[in-house]
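Subject: Structure handover

Hello,

Here is the structure I said I would pass on. My notes follow below it.

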Amino acid sequence: MLLRTAAVHNLAELRLAERVGADLAFLSPVYATTSHPGGRAMGRRRFGLIARQSRVPIVALGGIDEERAQSLEPFGIYGWAAVGALTPSGS
């Protein structure tokens, strides 16, 4: 089985991903990240507003660690993904 995923950063991109048949969306960046210094993070509140409107499962991405992921559970996230939180150097 193939899984079609989409990287989305706002509600318009989420709607496009849904229209083209994405099975799952990575919604980011929730928080500031070391991999994208200077990038604008949406924050927990905006993330929640978008995630709750999704018709596909949402995976939180961007500055996520286990504690932050747990704080996003009330928004119905399917899961979370990370780079820095899962690497020994944290980068």
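Is S28 buried or exposed? S28 counts as buried, because its relative accessible area is 10%, and the cut-off for buried is under 20%. Please keep in mind that this is a predicted model. S28 lies in the loop that runs between β2 and α2. Leaving out residues up to four places away in sequence, S28 touches V8, H9, M42, L61 and G62.

Now the overall layout. The secondary structure comes to three helices and four strands, and along the sequence these follow the pattern β-α-β-α-β-α-β. The C-alpha atoms fill a box of roughly 35 × 30 × 25 Å along the principal axes. For 91 residues, a compact globule would have a radius of gyration near 12 Å, and the 13 Å of this protein agrees with that. Of the 91 residues, 34% count as buried. Among contacts with a separation of 6 or more, 46% are between residues 24 or more positions apart.

The sheet comes next. The four strands form an open sheet in the order β1-β2-β3-β4, with parallel pairing. β1 (5-8) and β4 (79-80) are at the edges with a single partner strand each, so one side of each has no neighbour in the sheet. Helix α1 (residues 11-19) packs on the sheet and touches β1, β2 and β3 (58-60). The direction of α1 makes about 165 degrees with that of β1.

β1 and its partner can be described in some detail. The strands β1 and β2 (residues 24-27) run parallel and are joined by four bridges. In this pairing T5 stands opposite L24, and A7 stands opposite F26. T5 and A7 make up the uncovered face of β1, whereas A6 and V8 make up the covered one. Together with α1, the strands β1 and β2 make a right-handed β-α-β unit.

A25 is another residue to look at in β2. A25 counts as buried because its relative accessibility is 0%. Not counting residues up to four places away in sequence, A25 touches A6, V8, L14, V56, P57, I58 and V59. A25 and A60 are 35 residues apart in sequence, and their C-alpha atoms are 8.6 Å apart in space.

Last, the core. Which residues touch the most other members of the largest nonpolar core? They are L27, F47 and L72, in a core of 21 residues. The elements giving two or more residues to this core are β1, α1, β2, α2 (43-51), β3 and α3 (66-72). The largest share, three residues, comes from α2. As for L27, with neighbours within four places in sequence left aside, its contacts are V8, H9, N10, M42, F47, I50, A51, I58, V59, A60 and L61.

Regards

Terms used. Residues numbered from 1 in each chain as written. Predicted model: local features only at pLDDT ≥ 70, side-chain atom pairs only at ≥ 80, totals over all residues. Heavy atoms only, no water. Pairing = 2+ DSSP bridges. Contact = heavy atoms within 4.5 Å. Axes fitted to C-alpha atoms, helices over the stretch in contact; angles between N-to-C directions. Core = buried A, V, L, I, M, F, W, Y, C linked by side-chain atoms within 4.5 Å. Buried < 20%, exposed > 50% of the residue type's maximum accessible area, 1.4 Å probe, protein only. Right-handed = clockwise from strand over helix to strand, strands pointing away. Rg over C-alpha atoms; globule rule 2.2 N^0.38 Å.
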